[in-house]
Amino acid sequence: MMAVINDKGISTEATCEQERLAILDTFEVLGGKWRLRIMRYLNGRIDELNTFKKIQREIENISAKMLTKELQDLELNGLVSRTPMETRPIRVSYAITEYGKSVLPLTESIAQWGLDHRMKIKEETKS
């Protein structure tokens, strides 16, 4: 099944080249070790105040430098919002955007595939 391009109410099937480029775009925006983990974290804490320090503390092993870079990239792509708070010192709160939530079904599929894959490998190594 090929992907579908929806342009101004007109749906057309994507070509192999369009799909290839779309996959590259997806990995460019969401790839790496941390981005999907950050988004899943923020989605699970929608009603909480998610400061930089809190996120860094709760996402194991992420450095401040890496978290800064990843949050900036996610914000640049409209997936995460950044809200400065009127405090001294200034603190910033982060949240997943409505557009960012469109990625969540993908993350659920990836997580399920990962769980299934682990079980498959575990079963194969027992044999």
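The count of salt bridges in this structure comes to 10, where a salt bridge is a side-chain nitrogen of Lys or Arg within 4 Å of a carboxyl oxygen of Asp or Glu. The model is predicted: local features need pLDDT of at least 70, side-chain atom pairs count only at pLDDT 80 or more, and totals for chains, interfaces and linings use all residues. Residues are numbered from 1 along each chain as its sequence is written, and side-chain values use heavy atoms, with hydrogens and water left out.

Helices (H or I, at least four residues) and strands (E, at least two) are DSSP runs, numbered from the N terminus. Buried means under 20% relative accessible area, exposed over 50%, and partly exposed in between (1.4 Å probe, protein chains only).

Charged side chains of α2 can be considered next. Side chains of opposite charge can pair when their charged atoms come close. Arg 35 forms a salt bridge with Asp 73, with the closest N and O atoms 2.5 Å apart. Because Arg 35 lies in helix α2 and Asp 73 in helix α4, this pair ties together parts that are 38 residues apart in sequence. Arg 35 counts as buried, at 7% relative accessibility, whereas Asp 73 counts as partly exposed, at 21%.

A further salt bridge joins the side chains of Arg 40 and Glu 108 (3.9 Å, N to O). This pair links distant parts of the chain, with Arg 40 in helix α2 and Glu 108 in helix α6 (residues 104-126), 68 residues apart. Arg 40 is partly exposed, with a relative accessible area of 38%, and Glu 108 also counts as partly exposed, at 47% relative accessibility.

Lys 54 and Glu 48 form another salt bridge, their closest N and O atoms being 2.4 Å apart. Lys 54 counts as buried at 13% relative accessibility, while Glu 48 counts as partly exposed at 38%. Elsewhere, salt bridges that share partners join Arg 35, Lys 69, Glu 70 and Asp 73 into one network.
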